[in-house]
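Please take a moment to look over the sequence and the structure shown here. The paragraphs that follow will walk you through it, one region after another.

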Amino acid sequence: MTALLEADDITKIFGSGVGRRIETVALRDFSFRIETTRPLITGVVGESGSGKSTMARLLLGLEEPTKGAVRYRGADLRHLSNTQRAAFRREVQAVFQDPFESFNSFYKVDHMLETPIRKFKLAASKGEAHQLILNALGAVGLRPEETLGRFPHQLSGGQRQRVMVARALLLNPKLIVADEPVSMIDASLRATVLTALRTLRDEFGISLIYITHDLTTAFQICDDIIVLYRGYVAEVGDVTKVVKDPKHPYTQLLVSSIPRPDPDRQWSEEPEPSALAGTANPDKGCLFAARCPHAFEPCLRAIPQLYRTDARRAATCYLHQDAPTLALDQMDELLMAASGETEPQVTR
Amino acid sequence: MTSILEVNDLRVYFHTPRGMVKAVDNVTFDVHAGERFGLIGESGSGKSTIALAIMRLIRSPGRIESGEIRLEGENLLALSDEEMRQRRLAGVAMVTQGAMNSLNPVMRIRQQFADGLNSHGETVTVDEAREQLVDLLARVGLKPEAADVYPHQLSGGMKQRVCIALAMSLRPSLIIADEPTSALDVVVQRQVVQTLRQVQEELDAAVILIGHDMGLMAQFASRVGVMYAGKLVEEGPVRAIFRQPEHPYTRILMESLPSLDEKETLQVVKGAPPSAADRPAGCVFHPRCPFVMDRCIQEEPLFREVAPEQWAACHLHDEPAAAHSLSREVAE
């Protein structure tokens, strides 16, 4: 079956400096498929510079991959026909970090919601258009009387971000790519946005790629998770497995660095890098070796493959080299195959 | 315990064309010598305005209307501008949110350090200054080479640590850190906050950490204050506040924290914080409060001690039966 959206072995290299000779690999050899059969929320986490936002932009067609291709229903994003492009723009939606920047502050919120209806001719009459807007707002838990007729600055960050989700929802998409949708929203309002995102999956059958640096919210709403480190997949699999029992030393570092809201569970000290870490060559070997407390001989020679440590997860780390390998372009199969065997936990 | 900082009845208002905005209203708290105090609040709650008021850096249309800010007994609000300039860095230093952007991009770190010393009349030779800086950099876990570089040659976490080192340069008795890690990711955040903590212990300075991340507060602070819509609504020892919050807002903040232990129902808080220009009468939190009573709509609650060393501004504590229901629900 043709995937809705497929990243086929994509690499993105940014050049900088004189003649663009300093190359930064933002994302390397990344493959992923999103099917329409079952809606899933896939988290993508990593520190700044890990390539997570680059990945979002590549999937949305806002950047072109240096190598490989992103395909929408089998067609390369670079060569879509007009009809295909219109369909892509409708089926794949984006929600960005700053709910202020996405608005034109001179227009009322209504304008934001009416524009897609007009552009995509979603409604035959004004009344129908209004009904669509009411439905979309209701789905994300907003009351029309406190959103419509207002200017963006009159709404809270949580409300603005939910208007963005409602706008995406109007187009009846199959996939929403959300890049740090809650990181600028206050703690007491974050839950409102996260709940709206869950509703998309559970009630509207929309898949979501949730990009964040916050492992805690990812754990709460995702089915699967991909941990990126410097453009490379460090660990991938079922979110509960990855968060509760991380296999890659980088994921372990991430999980242990999260400040727990409990004064009696104090942060542990960051583990010291291994003695070999100092000799790690950044151009060769595991990208994490220079910081890794477990680095040993093999880590310095080549980038490790994905080792499938269990049915629902794989990690690119030589500590697990006894496990069967998983080709990078089969990562999605691990998620797909796995998602078939157990029903996702619908927590609400 | 001696107080290093006493803030009494502080009011900071902004006089905008659309009316007066009470950014900080009637706030009283103190910070003990050598203590780590956390000031929690969402955006617009007034927490950063308090920091700027302590530094006396409130700009027009903002104004400190009334109150006292005493640093080691001395009322900062009564000082002349020049006297206050001398107190900054030497008495109270600040590390800001975008501290990385507060470094001068065209000056080496050591020149910026020397600037701080010179402006406070310290006469040191270039070599002495460098030696002091290297010592400070070592305390924040940076190599001596960091003294000779320009800010862009350092990573975000390193720049933030440089700022902590510079804040320590005249050994202030109080360091205010306003969201020092909000632009950093978790791994670097842990390094920076642990650095701050270690430095605080070595210098025996008091630190006010301002932020909205409850996890960070739990890890760093020994005592915390909770701001809501320009008001301090609760204050107390960190364990007490996290175990047994006495103000409904604090309680809701605690409950809305997503857990890393189990997948759960996300608690949705109704409503949104009021805009500072349009604050409700009575208790500022009453429109969102699940325990709202008639009295809350009319009468502002007093900030008072509701448990040993734990203060809250909530009418529930005047009515024993109601207070009981709050604590029982928390226990459940």
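Across the interface of chain B and chain A there are 5 salt bridges. Keep in mind as you read that this is a predicted model. One of these links pairs Asp262(A) with Arg243(B), whose closest N and O atoms are 2.9 Å apart. In another, the side chains of Asp264(A) and Arg239(B) meet at 2.5 Å, N to O. This second pair crosses between the chains, with Asp264(A) in the loop between helix 9 (249-257) and strand 11 (306-310) of chain A, and Arg239(B) in helix 9 of chain B. With a relative accessible area of 42%, Asp264(A) is partly exposed, and Arg239(B) is partly exposed too, at 43%.

Let us stay with the place where the chains meet.

The size of an interface is often given as the accessible area lost when the parts come together. Here, the area buried between chain B and chain A is about 3,900 Å², and carbon and sulfur atoms give 54% of that area. Arg190(B), Leu260(B) and Lys263(B) supply 24% of the area that chain B buries against chain A, which is more than any other three residues. In terms of contacts, 41 residues of chain B touch 46 residues of chain A.

Salt bridges turn up elsewhere as well. Over all chains, the count comes to 51. Side chains of opposite charge can pair when their charged atoms come close. Within chain A, Arg71(A) and Asp8(A) form a salt bridge, 3.1 Å from N to O. Arg71(A) lies in strand 4 (residues 67-72) of chain A and Asp8(A) in strand 1 (residues 5-16) of chain A, so this pair ties together parts that are 63 residues apart in sequence. Arg71(A) is partly exposed at 23% relative accessibility, and Asp8(A) is partly exposed at 28%. Arg143(A) and Glu146(A) make a further salt bridge, 3.0 Å from N to O. Of these two, Arg143(A) has a relative accessible area of 48%, while Glu146(A) has 23%.

Take Leu215(A) as an example: leaving aside residues up to four places away in sequence, Leu215(A) touches Val45(A), Ile225(A), Val243(A), Leu254(A), Val255(A), Ile258(A) and, from chain B, Leu260(B).

Strand 11 (residues 303-307) and strand 12 pair in the antiparallel sense over 4 bridges, and here Arg304(B) has Ala312(B) in strand 12 as its bridge partner. The hairpin formed by these two strands has 2 residues between them, and in it Glu309(B) takes a positive phi near 60 degrees. Strand 12 (residues 310-313) is also joined to strand 10 (residues 231-237) by 2 bridges, and these strands run antiparallel. In that pairing, Glu235(B) stands opposite Trp311(B).

Is His247(B) buried or exposed? His247(B) is buried, because its relative accessible area is 1%, under the 20% cut-off. You will find His247(B) in the loop between helix 9 (238-243) and helix 10 (248-255) of chain B. Beyond residues up to four places away in sequence, His247(B) touches Val233(B), Glu234(B), Phe285(B), Ala312(B), Ala313(B) and Cys314(B). A polar atom of the His247(B) side chain lies 3.0 Å from the backbone nitrogen of Tyr249(B).

Our last stop is helix 1 (residues 47-54) of chain B, which is mostly covered, with 6 of its 8 residues buried. Those buried residues are Lys47(B), Thr49(B), Ile50(B), Ala51(B), Ala53(B) and Ile54(B). Just after this helix, Arg56(B) takes a positive phi of about 55 degrees.

Notes: Residues are numbered from 1 along each chain as its sequence is written. Chains are lettered from A and ligands numbered from 1 in the order in which they are written. This is a predicted model: local features need pLDDT of at least 70, side-chain atom pairs count only at pLDDT 80 or more; totals for chains, interfaces and linings use all residues. Side-chain values use heavy atoms; hydrogens and water are left out. Two strands pair if DSSP finds at least two bridges between them. Contact means heavy atoms within 4.5 Å. Buried means under 20% relative accessible area, exposed over 50%, partly exposed in between (1.4 Å probe, protein chains only). A polar contact is a pair of N or O atoms within 3.5 Å; within protein, one must be able to donate a hydrogen and the other to accept it, and residues adjacent in sequence count only if both atoms are side-chain atoms. Buried area is the accessible area (1.4 Å probe) that two parts lose on being put together, summed over both. A salt bridge is a side-chain nitrogen of Lys or Arg within 4 Å of a carboxyl oxygen of Asp or Glu.
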